[in-house]
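Please keep the sequence and structure at hand.

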Amino acid sequence: MFDTYGQYIIIALAVYCIFMGVRTLLTGRTGSAEEAKIKDFTERAQKKYRLVSALMNILAGIFLVVVSIIRLTNPEMDKTVYRLVSIGILVVLVAVYIITWQVCKKDK
């Protein structure tokens, strides 16, 4: 029961991630908390960070939707495989975020 409803919650979060990524691409601005964190970056680094942040949100959202739909359509799918794939993708996304943050921080 929770597995099914949990997948719907994950899909809702994924749609929110995609929305935030598209909003950042269209407006060129992130949320106020994130803007406060990057205020010390150069203008070029801020643009680069916003672009990577928007693309990461969109990719994470698409990934979550796809994995959740696969999980909903194939309930007997091995949970271990599901978790390993999810953790692997999460590690890659976090690594890209950290690398981007460091590159933008050092940009002068």
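The text below starts with confidence and then moves to individual residues.

This is a predicted model, in which local features need pLDDT of at least 70, side-chain atom pairs count only at pLDDT 80 or more, and totals for chains, interfaces and linings use all residues. Residues are numbered from 1 along each chain as its sequence is written, and side-chain values use heavy atoms, with hydrogens and water left out.

The protein chain has a mean pLDDT (the predictor's confidence in each residue, from 0 to 100) of 86, and 95% of its residues reach 70 or more. Helices are DSSP runs of H or I with at least four residues, numbered from the N terminus.

With a disulfide taken as a pair of cysteine sulfur atoms within 2.5 Å, the count is 0. C17 is in no disulfide, and the nearest cysteine sulfur, that of C104, is 20 Å away. That distance is too far for a bond.

Burial is given by relative accessible area: buried is under 20%, exposed over 50%, and partly exposed in between (1.4 Å probe, protein chains only).

| Residue | Relative accessible area | Class |
|---|---|---|
| C17 | 21% | partly exposed |
| C104 | 0% | buried |
| D107 | 12% | buried |

D107 lies in the segment after helix 4 (79-106). Apart from neighbours within four places in sequence, D107 is in contact (heavy atoms within 4.5 Å) with T42, R44 and A45.

Terms used. Helix = DSSP H or I, 4+ residues; strand = E, 2+ residues; numbered from the N terminus.
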